[in-house]
Amino acid sequence: MTGRPVSVEPARLDWTEGGQPWSERFADIYHTIDGGLGQSRHVFFEGASVAARWRGRETFTILETGFGLGVNFLAAWDRLRADPAGPARLHFVSCERHPLTREDLERALAPFDELRSLAGALVTAWPPLLEGVHRIHFDGGRVILTLAFGDARTWMPQLDLAADAFFLDGFSPSRNPELWSPEIVRELARLASTGATLATWTIASGVRAALAGAGFRLERREGFGHKREMLSGVYEGEARATPTPAKEAIVVGGGLSGILAADRLASRGVAVTLVEPRERRANARAGLVRPVANVRDAMNAQLSRPAFLYALQHYANLQREGFHLLWDRCGVLQLAQDDNEARRFEAIVTSQGWPAQALAFVDAREASRRAGRPVGGPGWWMPLAASVSPESLAIAGLARAGDRIRRVKGRVERLEREADRWRALDADGRVLGEATTLVLANAVDAARLAPEARLPLHAVRGQVTYLAPDAGRRLDVAVSGNGYVAPIPEGGFAIGATFQHDDPGEDARAVDHRENLARAESMVPGFVQDLHPMDLEGWAGHRTTVPDRLPIFGETASPGLWIAAGLGSRGLLWAPLGAELVASRLAGEPCPLPAPLAGAVSPRRFLS
């Protein structure tokens, strides 16, 4: 068994004689001949009274049932930019069963001159066509797009949000009845906030009946262009309960989890106290960020796809915003250990339908060509994967958060809770931080401070070996297998990493350098010849592992106590999306993960 397909089938885009984008699959146009932007503004933005309802709001969430060309999203973004009374953050959540390829999206949006810069940003950020929920930030996080690629009937029951407005935009009910079904309409009611509005261009009787039956009060309004009428509505049923957004939080831990959680919380206006060790150890100079693939497409593989794409976006945004992040988007080869594993690698790519831009199987010759020198055999080529400096990421994250967080030095020895407030105290009983929300992002030590959460955390020592820059030592990509050889963004290479249980040591050892050199030799023959372990520098630290190989992000059974830990050897993959998950939940905003994946990383999974 090699799992279900992980990609979605793209739309088959064609064009009418009049130049309109046309769906071959649904035999229908993407927007009216009278103008897609005008239709979006009149039917959806005005029809759902968005401008009046988002005025002065901290956040506003629009849920759309068919993303199509993205015109409704771009129109909402454009209007937000022009509206000084608009919300601090706009969430736009949309499902699309057959998304366009990036090339077709660019072509389809080219005629929208008024939206040129926004359309360009959307095309640049457009993800590979991997099934699942993908989150993308624009305008420094003021506009947040959450795309669910796949069947809306699958994904809408898994969404966790409270929608303020619904844009019901899909191909004609007669052409695409599933998107207008009573099942979908019931999901709209489940996700509606108090007074949620809706708008749609269709007035089909079946659609009206389903909406009215789900609790929406409807009215017909003047349509757009050749459409005489459209529908507007207001939800009058029992609204979805929304949590009170957090205003303050303590984050315990000065590593990647703590820094990224503090940054994401601060971006939502939360007053953050970051409690760090008195002396912060430098992190490793390089690590890999890449997706996970396995035969059964297990939960860690499913989680890795949105996490991988979000991490790449997070790093690119830091760089775009002017923060000094050191990373190399060189791509990663993951080599098979033997012929059996090579056959398994090839079968996974083929049967799961991976898009080549994310994961492809290559033979030994092609792998060597990619690497720029002979490598140990065939394997996976991941062209989007990267080598990242964890140390520079920590520095960049702190720089972006800036004075939005208060940094306190000290070790938290115990926690107290009185009424609804948490206190973090040191050994002398000094209060290091006090708030209604407490996030433990202090690796394995989180288990000591929250014993009631039953966190099965374990510390595993790992050592990385550094090679100085050498003109004669060439490797064009990062190579992994039974370890990894990665370019250090500022020059040279990192080789890692050892894996030692119950070893408290943090000094680099020659014996571990020898083990890392042997790893490198097996993956890239001749790459480390003439090197002696006694002459090398390195770094040693501790990973925090979890038996199920999934990180821990979420609220415990103790109200207000959250965990962000258990990253294992994939901190660069898990930490950005995990931090966004925690911040979104605490801000009362749409969850960036579908419910099953959010549950899979919750600390409450250990209580069952």
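1. Ala 419 lies in the loop between strand S21 (414-418) and strand S22 (421-425). Helices (H or I, at least four residues) and strands (E, at least two) are DSSP runs, numbered from the N terminus. The phi of Ala 419 is near 55°, a positive value in a residue other than glycine. Most residues other than glycine have a negative phi, and most peptide bonds are trans. Ala 419 is exposed, with a relative accessible area of 67%. Here buried means under 20% relative accessible area, exposed over 50%, and partly exposed in between (1.4 Å probe, protein chains only).

2. A note on the basis of these values: this is a predicted model, in which local features need pLDDT of at least 70 and side-chain atom pairs count only at pLDDT 80 or more, while totals for chains, interfaces and linings use all residues. Residues are numbered from 1 along each chain as its sequence is written, and side-chain values use heavy atoms, with hydrogens and water left out.

3. Asp 502 also has a positive phi, of about 55°, although it is not a glycine. Asp 502 is found in the loop between S29 and helix H15 (510-523). With a relative accessible area of 76%, Asp 502 is exposed.

4. The peptide bond between Gly 496 and Ala 497 is cis, with omega about -15°. Ala 497 sits in the loop between strand S28 (493-496) and strand S29 (500-501).

5. Which residues of helix H8 are buried? In H8 (residues 205-213) they are Val 207, Ala 210 and Leu 211. Seen down the axis of H8, these buried residues fall within an arc of 95°, so they line one face of the helix. The arc is that of the directions from the helix axis to the C-beta atoms. Ser 205, Ala 209 and Gly 213 are exposed on the other side of H8. The cover over the buried residues of H8 includes strand S8 (163-168), helix H7 (182-191), strand S9 (192-200) and strand S10 (216-222). Just after H8, Gly 215 takes a positive phi of about 110°.

6. Helix H5 (residues 116-125) can be read in a similar way. Its buried residues are Leu 118, Ala 119, Leu 122 and Val 123. They cover an arc of only 135° around the axis, which puts them on the same side of H5. The face turned away from that buried side carries the exposed residues Arg 116, Ser 117 and Thr 124. What do the buried residues of H5 pack against? Their partners are H3, helix H4 (102-109), strand S6 (132-138) and strand S7 (143-149). Contact means heavy atoms within 4.5 Å.

7. Helix H3 (residues 71-82) also packs with helix H1 (residues 36-46), at an angle of about 75° and with the axes 9 Å apart. That makes H1 roughly perpendicular to H3. Axes are lines fitted to C-alpha atoms, for helices over the stretch in contact, and angles run from 0 to 180 degrees between N-to-C directions. Angles under 35 degrees count as roughly parallel, over 145 as roughly antiparallel, 65 to 115 as roughly perpendicular and the rest as oblique. In H1, the residues that meet H3 are Gly 36, Leu 37, Ser 40, Arg 41, Phe 44, Phe 45 and Glu 46. On the H3 side they meet Val 71, Asn 72, Ala 75, Ala 76, Asp 78 and Arg 79.

8. Arg 474 is placed in the loop between strand S25 (458-467) and strand S26 (478-480). At 48% relative accessibility, Arg 474 counts as partly exposed. Its side chain makes a polar contact with the side chain of Asp 476 (2.7 Å). A polar contact is a pair of N or O atoms within 3.5 Å; within protein, one must be able to donate a hydrogen and the other to accept it, and residues adjacent in sequence count only if both atoms are side-chain atoms. Leaving aside neighbours within four places in sequence, Arg 474 is in contact with Gly 372, Arg 373 and Phe 527. Arg 474 and Phe 527 are 53 residues apart along the chain, and their C-alpha atoms are separated by 8.1 Å.

9. Val 8 belongs to the segment before strand S1 (13-15). Buried or exposed? At 11% relative accessibility, Val 8 counts as buried. Among the residues in contact with Val 8, leaving aside neighbours within four places in sequence, are Arg 97, Pro 99 and Phe 149.
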